[in-house]
Amino acid sequence: MTKNNAKKKAGSSTIALNKKARHEYFVEEKLEAGLELQGWEVKAMRAGKANIADSYVFIRNGEAFLFAATITPLNVASTHVVCDPMRSRKLLLKRRELDRLTGKIERDGYTIVPLALYWSKSWVKIEIGLVKGKKSHDKRQDLKERDWKREKDRMMKHKNR
């Protein structure tokens, strides 16, 4: 029993979050996908040098790609490898998932946006969301709800004293 507890690490498995996506879009559905990475990218992610804030996913020739995600290379990266921090990275999804996503994009007008980048055991996974854009009045409503929830929690906290 103590061996299992010793294997677990205390740190978080999250590498990067896209908080802007939850503000800008209604998240209809979430999927988990693997990423095809190079060695220097994995090392940079272990150091926390990833940003997915302005990135998106597109589908070309039946394959999904992560575009505009920035992974800043480390200074000690290998000298014989050319590091491109903004390159398109292939997402590893099953054929059925790709076909369903393609249909939703083409017919229903959805967009695919990365929501989180995290470690799953020793693999890097990305959580992608099938999203629709919010109007400005929707964003204001979300802000009001968030403020009310915060105020309500504050009142309940002081009431219990």
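Which residues does Ser13 touch, not counting residues up to four places away in sequence? Ser13 touches Tyr118 and Trp119, where contact means heavy atoms within 4.5 Å. The model is predicted, so that local features need pLDDT of at least 70 and side-chain atom pairs count only at pLDDT 80 or more, while totals for chains, interfaces and linings use all residues. Residues are numbered from 1 along each chain as its sequence is written, and side-chain values use heavy atoms, with hydrogens and water left out.

Ser13 sits in the loop between helix H1 (2–7) and strand S1; helices (H or I, at least four residues) and strands (E, at least two) are DSSP runs, numbered from the N terminus. The C-alpha of Ser13 is 7.4 Å in space from that of Ser120, although 107 residues separate Ser13 and Ser120 in sequence. Ser13 counts as partly exposed because its relative accessibility is 38%, given that buried means under 20% relative accessible area, exposed over 50%, and partly exposed in between (1.4 Å probe, protein chains only).

In the loop between S1 and helix H2 (19–24) lies Asn18, which is buried, with a relative accessible area of 3%. The side chain of Asn18 has a polar atom 3.3 Å from the backbone nitrogen of Ala21, and a polar atom of that side chain of Asn18 lies 2.9 Å from the backbone oxygen of Pro114. Beyond four places in sequence, Asn18 touches Ile52, Ala53, Val113, Pro114 and Leu115.

In soluble globular proteins, nonpolar side chains tend to be buried together. A nonpolar core is a set of buried Ala, Val, Leu, Ile, Met, Phe, Trp, Tyr and Cys residues joined through side-chain atoms within 4.5 Å. The largest such core here has 27 residues, of which Leu35, Met45, Leu91, Leu117, Ile126 and Ile128 touch the most other members. Two or more residues of this core come from each of several elements, including strand S1 (14–17), strand S2 (25–35), helix H3 (39–46) and helix H4 (95–108), and the largest share, four residues, comes from S9. Met45, for its part, touches Ile15, Leu35, Leu37, Ala50, Ile71, Leu117, Trp119 and Val124, when residues up to four places away in sequence are not counted.

Helix H4 has 14 residues and reaches 19 Å from its first C-alpha to its last, close to the 20 Å expected at 1.5 Å a residue, the expected span being 1.5 Å times one less than the number of residues. Within H4, Leu98, Leu101 and Gly103 are buried, and what covers the buried residues of H4 includes S2, strand S4 (56–60), S5, S8 and S9. After H4 comes Gly109, with a positive phi near 75°.

Among the strands, S4 and S5 run antiparallel and are joined by five bridges; two strands pair if DSSP finds at least two bridges between them. Phe58 has Phe65 in S5 as its bridge partner, and Phe65 in turn has Lys90 in S7 as a bridge partner. S5 and strand S7 (residues 89–92) pair in the antiparallel sense over two bridges.

Asn61, in the loop between S4 and S5, has a positive phi of about 55° although it is not a glycine, and Asn61 is exposed, with a relative accessible area of 74%. Lys121, in the loop between S8 and S9, has a positive phi of about 60° although it is not a glycine, and Lys121 counts as exposed because its relative accessibility is 82%.

How values were computed
A polar contact is a pair of N or O atoms within 3.5 Å; within protein, one must be able to donate a hydrogen and the other to accept it, and residues adjacent in sequence count only if both atoms are side-chain atoms.
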